[in-house]
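Me: I am new to reading protein models. Could you go through this one with me, step by step?

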Amino acid sequence: MNIGVPSDDTNAMTSDLVLATAIRSGDRSAMAALYDRYSSIVYAVALRVLQDTGAAEDVLQDIFMQLWRNPGAFDASRGNMAAWLAVIARHRAIDALRRHRPESDLENVVVSVETDLAGDADRSRTMDKVRGALQAMPLPQRSALEMAYFEGLTHSEIAEKTGEPLGTIKTRIRTGLLCLRKALAA
Amino acid sequence: MSEHEQFAEDLALYALKALDGPERQALEKHLEVCASCRRELELLRGDLGLLALSTAGPRPPARARQRLLSAIATETRPPVAALPSEPGQRSSWAAFAWPALRWASALALVLLCFGLLRQNSALQQNVASLRAQFAAQANQLEQANQVVATLRDPDAMKIELVAADNERQPRGKAIYQLRNRSLIFFASNLPPLPPEKIYELWLFPADGGKPIAAGLFKPDTRGSATVVNPPLPQGVAAKNFAVTLEPESGSHESPRGTPVIVGVGE
């Protein structure tokens, strides 16, 4: 089974479904197409968290190999492939950072994103919005969010590091995420 | 503060995998029963996915692509036919159990198919055997019908061969099978019936009991007649047969008229 990757962004979400279906049937070219589309996101997130190219590459390899072995882990009808892979990459990278056995089973993560991220143009627009929302956040809020997300610190670790109360850190992280959602919905 | 508000901030930390201890356990217990919080968790994870998109960095090295493609080229796996029915919150038990259940289901289906194929093959053999039996019985029935039709056909030529110096005397032949209560009788050279008279065949039981009526009949113009399988009681062995001339009306339960022909034994 050979399939092509549509260049038209409007077909990209459909193409994700087609790719996922083809991968289920063992189509290696579909796996290569999926890698070409999303490897940059996975690698960038892993590298941001791990700050180590070799470790980020291992996370990249690990995630796509698991997707190949268990393509049913991603249900394209309920999730967004780009966001799902980004979350998986972040979780795996945090696991590696904490030197834990991987806890983030592919099947345990359901991601709900209304925005279409399958096309290059869609992702580019979304990235601009997210960066704009982060820039617009108060620094303590943005800092708490990034420490939790990219450094894998728990809220108590953040509280200890910043000297802020636990409840404050919790609130900052949650409101930071809600700000992002609101900015993307606008 | 409502229960949802109480867990709202913990949900964000949980999505980040930054919640631990008793708070994490309490939230996971709540998630098991709260669809609203599970939905919010999915949305928060979506937010985290968007946050990841703020990350800019170098593209992965080309060797990473080659490494992946080489790995999947050497690793074969069976195609996965179906989507997972519930990709959301699965326990670690489910993560292990689902693949096993899929394989077990596939194995069960293979065994079922194998069993059905064998059953189908056996049924086809049975059908073929029954068809052969039916064809053989139909053939036997056809032959029997032809025999009976020939015997009973008034237009069939019936010639009895006797000694050259013998006179044409009334004759009869009874063929009786006790097991099936089957009796075939045919007669020839019977005298024409007088008015209001009829011939009657009698079975004389071997136990010496009274004769049993075995059929009324009228011969054709050449004096020939046939009686086939008249109603008879079960299990009556025959000692002899006889034909009498009886009144056409009235009771026929016991012979009253003149014997015309009587059996002489085999």
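Me: What should I know before I start?

Reply: This is a predicted model, where local features need pLDDT of at least 70, side-chain atom pairs count only at pLDDT 80 or more, and totals for chains, interfaces and linings use all residues. Residues are numbered from 1 along each chain as its sequence is written, while chains are lettered from A and ligands numbered from 1 in the order in which they are written.

Me: Which helix of chain A has the highest confidence, and which the lowest?

Reply: Confidence here is pLDDT, the predictor's own score for each residue, from 0 to 100. Chain A has a mean pLDDT of 79, with 78% of its residues at 70 or more. Over residues 1-10 of chain A the pLDDT is below 50, and where pLDDT is low, the predicted coordinates should not be read in detail. Among the elements of chain A, the lowest mean is 75, in helix 1 (residues 12-24), and the highest is 92, in helix 3 (residues 53-69).

Me: How many helices and strands does chain A have?

Reply: Helices (H or I, at least four residues) and strands (E, at least two) are DSSP runs, numbered from the N terminus. Reading chain A from that end gives α-α-α-α-α-α-α-α. The count for chain A is therefore eight helices and zero strands.

Me: Is helix 4 of chain A largely enclosed or open?

Reply: A residue is buried if 20 or more other C-beta atoms lie within 10 Å of its own, exposed if 12 or fewer, and partly exposed in between, with C-beta atoms placed from the backbone. In helix 4 of chain A, 15 of the 17 residues are buried.

Me: What span should helix 4 of chain A have?

Reply: The expected span of a helix is 1.5 Å times one less than its number of residues. Helix 4 of chain A (residues 81-97) has 17 residues, and its end C-alpha atoms are 24 Å apart. This agrees with the span it should have, 24 Å.

Me: Which residues touch the most other members of the largest nonpolar core?

Reply: A nonpolar core is a set of buried Ala, Val, Leu, Ile, Met, Phe, Trp, Tyr and Cys residues joined through C-beta atoms within 7 Å. Leaving aside residues up to four places away in sequence, Leu85(A) touches Tyr38(A), Ile41(A), Val42(A) and Ile63(A). Out of 74 residues in this core, those that touch the most other members are Ala46(A), Leu85(A) and Ala89(A).

Me: Which helix of chain B gives the most to the side that touches chain A?

Reply: Two residues are in contact if their C-beta atoms, placed from the backbone, lie within 7 Å. The contact takes 62 residues from chain A and 44 from chain B. On the side of chain B, helix 1 (3-15), helix 3 (35-52) and helix 4 (62-74) each give two or more residues. With 11 residues, the one that gives the most is helix 3 of chain B.

Me: In which sense do strand 1 and strand 2 of chain B pair?

Reply: Two strands pair if DSSP finds at least two bridges between them. Strand 1 (residues 171-177) and strand 2 (residues 182-188) of chain B have seven bridges, and Tyr176(B) stands opposite Leu183(B). Their hairpin has four residues between the strands, and Arg181(B) takes a positive phi near 50°. The sense of the pairing is antiparallel.

Me: Is Glu196(B) buried or exposed?

Reply: Glu196(B) sits in the loop between strand 2 and strand 3 (197-205) of chain B. Its phi is positive, about 60°, although it is not a glycine. Glu196(B) has 9 other C-beta atoms within 10 Å, so it counts as exposed.

Me: How far apart are the C-alpha atoms of Ser156(A) and Gly167(A)?

Reply: Ser156(A) belongs to helix 7 (residues 155-162) of chain A. Ser156(A) is partly exposed, with 16 other C-beta atoms within 10 Å. Although Ser156(A) and Gly167(A) are 11 residues apart along the chain, their C-alpha atoms are separated by 9.5 Å.
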